[in-house]
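Trainee: Hey, could you walk me through this structure? I've never looked at it before.

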Amino acid sequence: RVELVYAPAARANFGSALGTREALYLQTLENVTGRIYRADLDAGTWRLTSVPMPSDGAISLQDSDPARDELFVNYQSFLVPPSLYLLPRPWAAPERLKSLPERFNAAGFEVVQREARSADGTMIPYFLVRKRGLKEDGSAPTLLWAYGGFERAYSPYYLETQGKGWLEKGGSYVLATIRGGGEFGPAWHQAALKTHRQRAFDDFIAVAEALVARKTPSP
């Protein structure tokens with residue numbers, strides 16, 4: 001029979017699933033950051049429990065063994081390089097096994113997530129990566145980037161190049177979650193197709209205007 005295990009909310013997106021001996025694990029995006037849920041069948045009802053991974057980056061399920069209750073997970077964020085974690089047994093804390101080398105000194109930076117109101121009233125999330133405690137006085141050079149196409153979801157990813165070549169030199173970096181991508185599922189993608197393509201540009205403009213209004217970037 002077919003059973004509903006997980007249904008994403010308006011600002012969420014289902015990514016993938018892997019099974020172990022005892023449970024089913026689900027990888028999702030919620031407000032553009034990665035989450036993992038453990039799904040257990042309890043008296044005919046699926047019960048979801050959040051797995052305590054870092055909540056400010058991107059998470060992907062890597063591999064599992066259906067004969068054991070173990071799961072390998074990859075995590076990365078704007079400031080943390082891709083790292084492999086092991087979920088060794090039910091309800092245990094994830095164990096960080098290995099990581100790619102750090103390409104820049106991320107100790108003095110912070111990540112802020114905000115929203116901007118687009119031309120039609122839709123709220124557009126964006127991430128701002130900057131020096132910790134930086135005053136918003138219009139003095140920081142800021143690089144604004146977005147994709148917004150082909151239902152592709154862009155969540156936080158390690159800023160290997162931007163960190164060394166831009167952040168360490170005093171710049172700030174912004175990732176805008178404009179429509180046309182897949183961060184919030186098919187509807188977010190379809191909202192900027194064909195005759196509605198202007199919405200993707202409106203979203204990008206809205207984020208830029210929100211940054212200027214808060215005096216985040218320099219001209």
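This is a predicted model: local features need pLDDT of at least 70, side-chain atom pairs count only at pLDDT 80 or more; totals for chains, interfaces and linings use all residues.

Mentor: Let's go through the sheets, a helix, a loop residue and some salt bridges.

Trainee: OK, sheets. In what order do the strands β1 to β4 sit?

Mentor: They form an open sheet in the order β1-β2-β3-β4, with antiparallel pairing. Strands here are DSSP runs of E with at least two residues, helices are runs of H or I with at least four, and both are numbered from the N terminus. Two strands pair if DSSP finds at least two bridges between them.

Trainee: Which strands stand at the edges?

Mentor: β1 (12–19) and β4 (45–50); each has a single partner strand, so one side of each is left without a neighbour in the sheet. The twist averages 30° from one strand to the next. For angles like that, axes are lines fitted to C-alpha atoms (for helices, over the stretch in contact), and the angles run from 0 to 180 degrees between N-to-C directions.

Trainee: How many bridges join β1 and β2?

Mentor: Seven, in the antiparallel sense, with β2 covering residues 24–30. To find your way, look at A17, which stands opposite L26 in β2.

Trainee: And what about β5 to β8?

Mentor: Those four strands make an open sheet too, ordered β5-β6-β7-β8 and paired antiparallel. β5 (58–64) and β8 (95–99) are at its edges with a single partner strand each, so one side of each has no neighbour in the sheet. Its twist averages 30° from one strand to the next. β5 and β6 pair over six bridges, and L61 has V73 in β6 as its bridge partner.

Trainee: Switching topic: where is L79?

Mentor: L79 is in the loop between β6 (71–76) and β7 (83–87).

Trainee: Buried or exposed?

Mentor: L79 counts as buried, at 17% relative accessibility. Buried means under 20% relative accessible area, exposed means over 50%, and partly exposed is in between, using a 1.4 Å probe and protein chains only.

Trainee: What is L79 in contact with?

Mentor: Leaving aside neighbours within four places in sequence, L79 is in contact with F104, A106, F109, E110, V111, V129 and Y158. Contact means heavy atoms within 4.5 Å.

Trainee: Now the helix α3. Which of its residues are buried?

Mentor: A200, D203, A206, V207, A210 and L211. They cover an arc of only 135° around the axis, which puts them on the same side of α3. That arc is taken from the directions from the helix axis to the C-beta atoms.

Trainee: What covers them?

Mentor: The cover includes β9 (109–117), β10 (123–131), β11 (142–145) and β12 (172–176). The face of α3 turned away from the buried side carries the exposed residues E209, V212 and A213.

Trainee: How far apart are the end C-alpha atoms of α3?

Mentor: They're 22 Å apart, which agrees with the 22 Å that its 16 residues (198–213) should span at 1.5 Å a residue. The expected span is 1.5 Å times one less than the number of residues. α3 is followed by K215, whose phi is positive, near 60°.

Trainee: Last topic: how many salt bridges does a search of the whole structure find?

Mentor: The search finds 15. A salt bridge is a side-chain nitrogen of Lys or Arg within 4 Å of a carboxyl oxygen of Asp or Glu.

Definitions and conventions. Residues are numbered from 1 along each chain as its sequence is written. Side-chain values use heavy atoms; hydrogens and water are left out.
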